[in-house]
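Trainee: Could you walk me through this structure, giving the general idea behind each feature before turning to the case at hand?

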Amino acid sequence: TYELNKFFFESLKTKRPYTKVKMAISDDEKIAWSNYKSKWISNIKSRNFAHILRNTSQAIVTTSKTIIKDNPRFNIRKNNKVIKYLPLIIIDNYLNTPIKSRIINSLSKRRIIIFTSQNGKKAQYLKKIGCEIIIVKKNKNLQLDLKDIFKKIYELGIRDILVESGGIFLTNLLKQKLVNEL
């Protein structure tokens, strides 16, 4: 019973979501080409597994940098057909998420929550079109406070998240001990 519901028990204990991280790493220990031109460094089997992981999560967490660099869909597909759109949580300090990204274009099909320090015209526009904007303070390093964000995600009723982002964000999560599964 515990193994089946570990996300629930762990999130209850820590008051933050159970956090899984999905990341492909190449033989030379890279997560992308240095020029960011690599679309995938994983194979079809691992990409299919990613969809299974997504399907067992309550939401996906990513960063604006990942959206800018990859323009991902972050949906769940089976046999090349979209079967589900999970809520998406975007960590976006300066509100750089492109309005014309695939993610924002999927707004009618999913909940999009953006954590940012910005509350200007772009934030107001994103709210108007249906995004949830949650303003958070920066820490002493001028970064968004990830522990505070994860507490807020838990308060939103989201207990099980899958992180799909780059190495810098993953490193920050690991440093702050916010990862349950790699």
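**Reading the salt bridges and the sheet**

Mentor: A search of the whole structure finds eight salt bridges, a salt bridge being a side-chain nitrogen of Lys or Arg within 4 Å of a carboxyl oxygen of Asp or Glu. Please keep in mind that this is a predicted model, in which local features need pLDDT of at least 70 and side-chain atom pairs count only at pLDDT 80 or more, while totals for chains, interfaces and linings use all residues. Residues are numbered from 1 along each chain as its sequence is written, and side-chain values use heavy atoms, with hydrogens and water left out.

Trainee: What does Lys 20 form a salt bridge with, and how far apart are the closest N and O atoms?

Mentor: The general idea is that side chains of opposite charge can pair when their charged atoms come close. Here Lys 20 is bridged to Asp 160, with 3.2 Å between the closest N and O atoms. This pair links distant parts of the chain, since Lys 20 belongs to strand 1 (residues 18-21) and Asp 160 to strand 8 (residues 160-163), 140 residues apart. Helices (H or I, at least four residues) and strands (E, at least two) are DSSP runs, numbered from the N terminus.

Trainee: Is Lys 20 buried or exposed, and is Asp 160 buried or exposed?

Mentor: Buried means under 20% relative accessible area, exposed means over 50%, and partly exposed lies in between, with a 1.4 Å probe and protein chains only. Lys 20 counts as buried because its relative accessible area is 7%, and Asp 160 is buried because its relative accessibility is 3%.

Trainee: Which residue does the side chain of Lys 22 meet in a salt bridge?

Mentor: The partner of Lys 22 is Glu 164, at 3.7 Å from N to O. This pair also links distant parts of the chain, with Lys 22 in the loop between strand 1 and helix 2 (44-55) and Glu 164 in the loop between strand 8 and helix 7 (167-175), 142 residues apart. Lys 22 is partly exposed because its relative accessibility is 27%, whereas Glu 164, with a relative accessible area of 5%, is buried.

Trainee: Where in the chain are Glu 132 and Arg 111, the two members of another linked pair?

Mentor: Glu 132 and Arg 111 form a salt bridge whose closest N and O atoms are 2.6 Å apart. Glu 132 is in strand 7 (residues 132-135), while Arg 111 is in the loop between helix 4 (102-105) and strand 6 (112-116), so that the pair links distant parts of the chain, 21 residues apart. Glu 132 counts as partly exposed because its relative accessibility is 28%, and Arg 111 is partly exposed as well, at 32%. Salt bridges that share partners also join Lys 22, Arg 54 and Glu 164 into one network.

Trainee: How should I read the strands, and what is their order in the open sheet?

Mentor: Strands of a sheet pair through backbone hydrogen bonds, either parallel or antiparallel. Two strands are taken to pair if DSSP finds at least two bridges between them. In this model an open sheet of six strands has the order 1-8-2-5-6-7, with parallel pairing. Strand 1 and strand 7 stand at the edges, each with a single partner strand, so one side of each is left without a neighbour in the sheet.

Trainee: How many bridges join strand 6 to strand 7, and how many join strand 2 to strand 8?

Mentor: Four bridges join strand 6 to strand 7, and in that pairing the bridge partner of Ile 113 is Glu 132 in strand 7. Three bridges join strand 2 to strand 8, with Ile 60 opposite Leu 162 in strand 8. Strand 1 and strand 8 pair over four bridges in the parallel sense, and there Val 21 has Val 163 in strand 8 as its bridge partner. Strand 2 (residues 59-63) and strand 5 (residues 88-91) run parallel and are joined by four bridges, with Thr 62 opposite Ile 90 in strand 5.

Trainee: Which way do the residues of strand 8 point?

Mentor: Asp 160 and Leu 162 point one way from strand 8, Ile 161 and Val 163 point the other way, and all are buried.
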